[in-house]
Amino acid sequence: MPGWLAILAALAVGLAGFYYFTGHAATLPVQLVPHLQPVPVVLEQVVLGAVRLPVQASGFVVSLTHDVAGPFTQPVAAGLFLLLLAFALAGWLAVVSTLGRGAFVAGMALVIFLLMSLNLDVAGVFEPGQRYFLYLTLGLLVGGACGFHAFAEGLRLVWRWLIFAVLILGLSILLYLKSDLSPAETTLQLAAYATTGGAVMVALVVLWVGFENVRALLWFNTQAEQPGSRFGLVPFVVASSLYLGVLLWLVWNNGQLELFPGVQLDPLVLLLPALLAGGLGLRLRALSYGEWVPYTRAAQLYALLILPAAGALGYAFATANTPLLQAARDFTSLALLFLGGAFLAYVLMNFAPLIRRRLRVYRVVFEPRRLPFYTVYILAVGGLIMVQVRNNRPLPDQVAAGEYNNLGDLTRQQSEAQPNDVGLGLLAERYYAEAGDVLYRGDLHAQMGRAALYRFRQQRQNEINALRRALVREPGEKVFLRLATHFTEPTDLFEGLEVLRLGLAAQPRSAALAGDLAQLFTQTSLTDSVAFYLDKAEQLAPGSYPSQTNQLGFLLNQNLLEEAQKLSKEWKLEAGQPALASNYLLLQLLSAQPAPALAVPAAAAMELDAASFARLYHEVLLGVARRKDQLTPALLRRLSQLANHPANEAFYEQLLFLQALARHGRGEEQTARQLLAPLAAGTNASAAYYQQLLGLWQLQQGQFARAADQLAYAAQHGATSALETRVLALAWSGQADSARAAATRLVASPDSARRQAGLQVQELLTSIRLTPAENTSARIGTNWLARARQAEQQNKTAEAARNYRRIVREAPFNEAAMLAAARFYTRQPNPVAAYEALRAGLDENPRSLPLLRGYVLAAADAGLTDYAADALVELRQQLSPAAYATLAAEYNARQAARAAAAASFSGVPFTSPLQ
């Protein structure tokens, strides 16, 4: 066998081994489903004198359950299978065309069968329903091979291989270019139709190496150089009998043989030593086939047959195709048993005396003296056929079911891409029904495919029925997990408990089922049951991500913060665990201990799920509460990008809220309020929370009257705790009578919670001096005002103007700062800027008399007397006659000055609205 061809065959077997370990998880992946449960968190406190008002938000305890997605198609695995098939086909045609007539005819018969089974014309290269492309393929490939066999006997093998490779490449390009489907769908369709051909190739390989393990035992017993180092007849018979006994038990026990707890013996694993022994012993076996095929060509054909067989088996592993894998396992165990047993009998009948004499029998094992080799081989194959006939020929049905599974997956994928095409969905359902209900009733893949089809079509009961049918046939962990996802509501509690308990009884080593059962018990008051199954999940999967997340989440839900801190110190947070990281951050928020930054950074993905959102959410909340240095511009940009990403539409409101919180934490109060405004514009409970938060921010900045109105608005929409704060805001705004009246109404409320709040407020009103805080240094804009005044004193007008512009832009709610800015602009003189500043200040503090007075005078200076009319009416109602008279005199004076200045340009007389 050429070295490079042997390497390719080994790589193909390795590829099948790779999909053996990864295929099921890729096709039917178990996915973690995060669940968020809100808990109250205190971010900061608004401190006004002796009163501390908590600013609360909702944190989220994250728990994890499991779901199973798929089955997904595997176009990459399908492409690799077809690539191996095409390469092997070119080599097979090249090698077979050099053989004698009998071997050539037998080899070409296999090629014709393969090409006809591929249904190449279904791709629609030429006219639909016509087989022109098949005829073209047969003409080029089969006709070319016949031509080489008949007329080009001297043509070198490499040129034959190259020519057939070019022909196959050209046909493939034509097929893909003219196909009605996309390249990926065309690949999946061809791989589906190649199922039967692939199964035949696997069967041929198994039949060829069916007795090689027994021959390997014979070689091991008789290969030593010295006769004394060789084993005799008894060890060989014992070893072979043990091997055949294992196979017999597999066949008798329906393929089940537990080696260790949770570890079953797969008969396909026994193919690996058989393939190796078959390749290494091919030269010695030439005595049995040399009349038809020379050894060099036989070695090439052996490797070329392994390539597509390994590709077909690998594709079956990659797609978790239950009937194909079951057929391969059943046929392999049966073939190894029959052929191995027959070969043992053949060796004993022909060479038992030689083995007893410890001669090197493996060298002459295909030179029998009594019983011919092929007589025994044919009898063994006949025994295989008889067993299949006795069992109603299950293998062809299983292979057909596997093909329907692949076609069903492809059609379901197409129906999901075209949801309005009901016909595709019905066709996919028919494929699955034919595979799982008619051909092979143990077809787990078909039932999972039907369940996926029903889930996409939102047919809940049909999906449940399909999953229950799958459980009857194979009570697997993934089926239980997927079925349990339909019973998570409180009304389905008992059904969910029954499903998960049955699942845990059938799969007692499943940490996922134990963890999901614990989460389902959290809907009850049975905390002991929750703790029991959480401990069981940890025992089954120590230190696993879901187990740690759920344990920490349970302690947080029970407010067992000390236990949660002790437990979290024992764990090491790793990358890719956003749910656990979120619970860590929430623990820091809820506890009074210092909050160190997490060592594991968050993922930079732009699409958020519930767990990654919760981590980001708690990071921002923790930054607002304790680590304001982490509220960086980069974080703000990321929050904005995430909010604008279409995939994060479900989290848009919360991401906007986080931006507002982060801006507030950085001191960008005006921007924070602008971000919060659209969220506070509704009338539901969520909007009421944002309205209350806005009222607390206004209290923090000394806008007591405005905050009282905002809090009343929030209480009207459901934020009942805002009523207590509103009473305090009224008192701080100087409306003591209104505050006492509001407190009395609370005490008289039929709601016990409101009565209690009213009593507490009344106590505050009587026991604490409720006056606005004199220390305003913490308010936004105060520092800028101090800098502006210092710049004015130093005659740095440009620097002062820059600080006053910042006050107007970023702190219009700071009354004192806005009045100072207006006075500065009046002195410049810049009456329009003064007017705009006071108008912005009134937008934030509409009841402020100093701002109203300044606004009227600035309007007179700017010549905008029409805009001052309403303000003058309001001032006449609120000011005393003497104060109003003084204001009117000043207003007239400024108006007259403005009129005198304008008269020189227009000469138009001006009439005061005060007259």
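Which helices do the buried residues of H8 pack against? Before selecting them, note that this is a predicted model, in which local features need pLDDT of at least 70, side-chain atom pairs count only at pLDDT 80 or more, and totals for chains, interfaces and linings use all residues. Residues are numbered from 1 along each chain as its sequence is written, and side-chain values use heavy atoms, with hydrogens and water left out.

Select residues 212–222, helix H8, where Glu212, Asn213, Val214, Arg215, Leu218, Asn221 and Thr222 are buried (under 20% relative accessible area, with a 1.4 Å probe and protein chains only). These buried residues pack against helix H7 (195–208), helix H9 (233–252), helix H10 (271–280) and helix H13 (322–356); helices here are DSSP runs of H or I, at least four residues, numbered from the N terminus.

Leaving aside neighbours within four places in sequence, valine 381 is in contact with Leu207 and Leu339, contact being heavy atoms within 4.5 Å.

Now show helix H25 (residues 578–590) together with helix H26 (residues 610–625), which pack at an angle of about 25° with their axes 8 Å apart. That angle makes H25 roughly parallel to H26, a term for angles under 35 degrees. Among the residues making the contact are Leu585 and Leu589 of H25 and His618 and Leu622 of H26.

Finally, colour by pLDDT, the predictor's confidence in each residue, from 0 to 100: the mean for the protein chain is 90, and 96% of its residues reach 70 or more, whereas pLDDT stays under 50 over residues 910–915.

Definitions and conventions
Buried < 20%, exposed > 50% of the residue type's maximum accessible area, 1.4 Å probe, protein only. Helix = DSSP H or I, 4+ residues; strand = E, 2+ residues; numbered from the N terminus. Axes fitted to C-alpha atoms, helices over the stretch in contact; angles between N-to-C directions. Parallel < 35°, antiparallel > 145°, perpendicular 65-115°, else oblique.
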